[in-house]
Amino acid sequence: MDRIPILRMGKILLVTIQVDMHDNLAMVLQDDLTERIVKDKARGVLIDISALDIVDSFIGRMISNTAAMARVLDAKTVVVGMQPSVAITLVELGLKLDGVRTALNVEKGMELLDVGVSFGKR
Amino acid sequence: MDDETGHVMPLKTGEDVVRLRQALRERVLAIKLSLVDQTKFVTAASELARNVLDYGGGGEAHLHMVERDNKRGITVVFIDQGPGIADVEQALSDGFTSGGGMGLGLGGAKRLSDEFHIETAVGQGTKITITKWKAF
């Protein structure tokens, strides 16, 4: 089964959504992320949506749910790379991504998360 | 002059919604809608398609390329034989939800489209038509 890969950078999990997700893929991603937050003791989740040209309330709900679960597990969620036309559409749609900060790109997203990334240091 | 039934696509699974988005992407590109208009319309259609799935018990979408007064556009008709909507005004106002979702579908889809028509009655299913025109 297809799965969206989750990368770990120190205490941050990075997910890049590059495909038009159908229900199953979205559910599996939510579950995978929750598991990984616990397993890796992650403090932050970066969701990269720079490849998404359409974000509807289904995806919005997935992101909000993920952020809510992350919060329960003491991790923060940041969405990065929102395309301008997507941002304009989301405002008009009235979609609020509750509990989710946004940032321009992965680098700025990591600054927002402010948990530090350590490679090989303990 | 537009074709009678247009291109009919089933809306019974999540994958059907993805397929519909794909089909629409091609068409909005073909009539050269601006990027923002493309995004708005395909998003509106995605919302309505999900409604057919989640509240309508499944249904179908009819895609038409249309023309009027020297402008070109695209129309999508969403049809289901579900329970119908009792209070359309309430359904169109944001915050309405019967299914625990964000409840933005109808109001949002209307704002994102140039034209929006709804025919519905309790026990008689729902038919929603949205259109986006290519502005010159």
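Axes are lines fitted to C-alpha atoms, for helices over the stretch in contact, and angles between them run from 0 to 180 degrees between N-to-C directions. The model shown in these views is predicted.

**View 1. Crossing of helices H1 and H2 in chain A.** Helix H1 of chain A spans residues 23-39 and helix H2 of chain A spans residues 57-72. Their axes come within 10 Å and cross at roughly 20°. Because angles under 35 degrees count as roughly parallel, H1(A) is roughly parallel to H2(A). The crossing in which H1(A) passes H2(A) is right-handed.

**View 2. Residues at the contact of H1(A) with H2(A).** H1(A) contributes A:Ala26, A:Gln30, A:Leu33, A:Thr34 and A:Ile37. These meet A:Met62, A:Asn65, A:Thr66, A:Met69 and A:Ala70 of H2(A). Six residues of this contact are nonpolar and four are polar, with no charged residue.

**View 3. Contact between chain A and chain B.** Chain A provides 19 residues and chain B provides 22 residues. On the side of chain A that touches chain B, H1, H2 and helix H3 (84-93) of chain A each supply at least two residues. H3(A) gives the largest share of that side, six residues. By class, the side of chain A that touches chain B comprises six nonpolar, seven polar and six charged residues.

**View 4. Helix H2 of chain B.** This helix covers residues 35-54, 20 residues in total. From its first C-alpha to its last, H2(B) reaches 28 Å, close to the 28 Å expected at 1.5 Å a residue. H2(B) is mostly covered, with 17 of its 20 residues buried.

Conventions. Residues numbered from 1 in each chain as written. Chains lettered and ligands numbered in written order. Predicted model: local features only at pLDDT ≥ 70, side-chain atom pairs only at ≥ 80, totals over all residues. Helix = DSSP H or I, 4+ residues; strand = E, 2+ residues; numbered from the N terminus. Parallel < 35°, antiparallel > 145°, perpendicular 65-115°, else oblique. Left-handed = near helix turned anticlockwise from the far one by under 90°. Contact = placed C-beta atoms within 7 Å. Nonpolar A, V, L, I, M, F, W, Y, C, P; charged D, E, K, R; others polar. Expected span 1.5 Å × (residues − 1). Buried ≥ 20, exposed ≤ 12 C-beta atoms within 10 Å, placed from the backbone.
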